[in-house]
Amino acid sequence: MTTDGARLSAVARRRLRDAKSASTTPPVAVSGSSSEKGLTPPASTSGRTTPKRKAEELADDGPRIENQFTPLVDVAAVNFSSTREVEQVGEASVRIRLSKSQKCFVLGIGDLWVKDGSLSVYGATVHASTRTYRIYSPITHALVSIEALTKTCEFELNSVHDTLLDLPELGSRNLWAPPDVEPSRASFHILGHSFSHDPRNPGRFKELNIDPWKSTLLQLSEFRSTAKSLPRVLLCGKRNSGLSTFTRCLVNRIITTQSAKGEKNQAPGVTVVDLDSRAPEFAAPGMISLVHVSETILGPPFTHPLPARGSGSRILKQHFVGEVEPSEMIQWHMKQVTNLLDLEHLHRNEAGESPLIVIAPKWWQDIDPDVAARLWTQMSPTAVVCFDSSPQSTYLHPWIALASSTATTAVFISPQPLEGLSALREHNLRMQSYFHAVELPNQTLTWNSRPVLCGGQAEVALSYAGRNAQIRAVVLQGGHVAVEDTYDALEGSLAAVMAVNVTDGDRDLDGAPSDGKAIVNDDLAARQGRYLPEIVRTEEDIPRATSEQVNGYAAAAETRCLGLGFITRIDLFRDQIVMSAGLWTGVLESQMQGQQVVVVVPKATPDGRYKTEWMKREMSFASRTLGEATVVEDSQGE
């Protein structure tokens, strides 16, 4: 090839001309470079262009974009080495190159694209491909760590406008960004690695460090294709001990291991029996559930509520237990637990073998040994993981003898708090996410930012009177509400919708108004093997159960919760209760055939004044939104 430029491309000719005039052209300064900070500059290596060299080469190609992450590098005191490079790509994306075992930490929301090598994130092993992974890393939880697994690893993080950012009054304004940092077009921030935490400085961030879990995750996720070797893991421990985060890491590790091995003799994904109704991983608060997970989950619970339909990750069945302590309804609660475990066996036989994770509730530490033995037989765990460093842990007490007698592995993990928010705050985040979530036709989730009470959300209307009434009874719990106050207690309240299987004979029991008289058919209830609670009709013709218990309408195997609903209004003209059920609105509409429902309102009050914090925020935001809309209409009218 000649050197006079005759056979060179235009770009090559320009670079040759720039090289000839380099002696008279001052070098381009790169803001925030390592030399300015007293750090060792990246060494030049064969076949690789450092960010500074690339900036110099492309100085004439157009305006250079400043690295908006430089202030964050200063804050986090990150020392970039010669084998680690961070490069700005456009205004809201960044390309990162790591060497094996190096880490960086992410705050915010972004799409991860692995271009070369392999990395670990939230327990998942991700290899280079064209696929992207959505990462949710709020400031309220330990920041997501990305670790290189290969000699070199290159990946991009791209900003996204996730609708989760738009939820009204969803906690702190700094939920997705560090405090005292200028806003930018990026939806995420890189905080780096190896910075020292000062316990006297509350501004420092927790980082997700799964190094102590690596051997356990490897042990529980490495399995052969034979059915007997599939992991069946029982998780127990106290709240805010890292158990929830470990659950996500284990699910991710198993799913990515399945994908890498391409096992043909097992169903893809993981089955999870989540029995912690206080803080469930996938369902709404107050639920226990049987869940099938087939996709990696790279964020805390409020970022991945699951639907009940589709072929991907979904809730197979759930029961509502609400605010009632298990000790108050221990037999009914245990029947619901047993039903989910029985259904797991049925699902395994129909859909194929898959790994199982059972999340034990706190109250199991006090169960009777005989009950524990029956549950152990149903679960058939191959390993027990207890988030307590003591072998005498009360959480492991019901299982230690059973594990010893069956040669089941017991693993003790020291608790590490990874969540910096209170139980109430976490509840608020989960509930708002649940009610604003919308499933798109491609089975991906988005969030609707419009307040629930403003209208415009999908709603479902359930009839409560007449022969074909869909609501069998309304159960008000916790407030000792008189029958005449039922209407006031319902309007604007949160309710669980519980489906019960009924027959035509059942429908005849309460098909007509009773003017406050009890409707009960003891003979029919006895033939069906259950007691039918007493029901009275209010002045508005609403079927009100005189008992707060929900266990008399059907056996646990014949019931399931169709979701939570926000009662937006009661239509007295049509005899309907109208509610918004968020992600589960479609489920309510499609699964009502041949069934009736029991509407359960936890913590009901006679005047309907009890509202949780997130509901108060919804109502306040709705009032402001409606007020602004009224002002706009008035101004247009003028």
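A: Glu-87 and Arg-95 are both buried. Buried means under 20% relative accessible area, exposed means over 50%, and partly exposed lies in between (1.4 Å probe, protein chains only). This is a predicted model: local features need pLDDT of at least 70, side-chain atom pairs count only at pLDDT 80 or more, and totals for chains, interfaces and linings use all residues. Residues are numbered from 1 along each chain as its sequence is written, and side-chain values use heavy atoms, with hydrogens and water left out.

Glu-87 and Arg-95 form a salt bridge, with their closest N and O atoms 3.3 Å apart. The term covers a side-chain nitrogen of Lys or Arg within 4 Å of a carboxyl oxygen of Asp or Glu.

Next comes Glu-154. Its side chain meets that of Arg-97 in a salt bridge, at 3.3 Å from N to O. Glu-154 lies in strand 8 (residues 152–159) and Arg-97 in strand 2 (residues 93–99), so the pair ties together parts that are 57 residues apart in sequence. Strands and helices here are DSSP runs numbered from the N terminus (E, at least two residues, for strands; H or I, at least four, for helices). Arg-97 counts as buried because its relative accessibility is 14%.

Glu-156 and Lys-115 also meet through their side chains, in a salt bridge of 3.2 Å from N to O. Glu-156 sits in strand 8 and Lys-115 in strand 3, so this pair links distant parts of the chain, 41 residues apart. Glu-156 is buried at 7% relative accessibility, whereas Lys-115 is partly exposed at 32%. Shared partners join Glu-85, Glu-87, Arg-95, Arg-97, Lys-115, Glu-154 and Glu-156 into one network of salt bridges. Across the whole structure, a search finds 21 salt bridges.

Strand 3 leads on to strand 7. Strand 3 (residues 103–116) pairs with strand 7 in the antiparallel sense over four bridges. Two strands count as paired if DSSP finds at least two bridges between them. Cys-104 stands opposite Ile-146 in strand 7. Strand 4 (residues 118–121) pairs with strand 7 too, again antiparallel, over three bridges. Here Val-121 stands opposite Ile-146. Strand 7 (residues 144–148) is largely enclosed by the rest of the structure, because five of its five residues are buried. Val-144, Ile-146 and Ala-148 point one way. Ser-145 and Glu-147 point the other way, and they are buried as well.

Arg-248 is another buried arginine, at 0% relative accessibility. It lies in helix 5 (residues 243–261). Its side chain makes a polar contact with the side chain of Tyr-122, at 3.5 Å. Such a contact is a pair of N or O atoms within 3.5 Å; within protein, one must be able to donate a hydrogen and the other to accept it, and residues adjacent in sequence count only if both atoms are side-chain atoms. Leaving out residues up to four places away in sequence, Arg-248 touches several others, among them Glu-281, Ile-297 and His-304. Contact means heavy atoms within 4.5 Å.

Seven strands form an open sheet in the order 13-12-11-14-10-15-16, with mixed pairing. Strand 13 (314–320) and strand 16 are the edge strands, each pairing on one side only. From one strand to the next, the twist averages 15 degrees. Strand 10 (residues 232–237) and strand 14 (residues 356–359) run parallel, joined by four bridges. Leu-234 has Val-358 in strand 14 as its bridge partner. Helix 7 (residues 369–379) packs on this sheet, touching strand 10, strand 14 and strand 15 (383–387), and its direction makes about 140 degrees with that of strand 10. Axes are lines fitted to C-alpha atoms, for helices over the stretch in contact, and angles run from 0 to 180 degrees between N-to-C directions.

Ala-407 is found in the loop between helix 8 (400–405) and strand 16 (409–412). Its phi is near 55 degrees, a positive value in a residue other than glycine. Ala-407 is exposed, at 71% relative accessibility.
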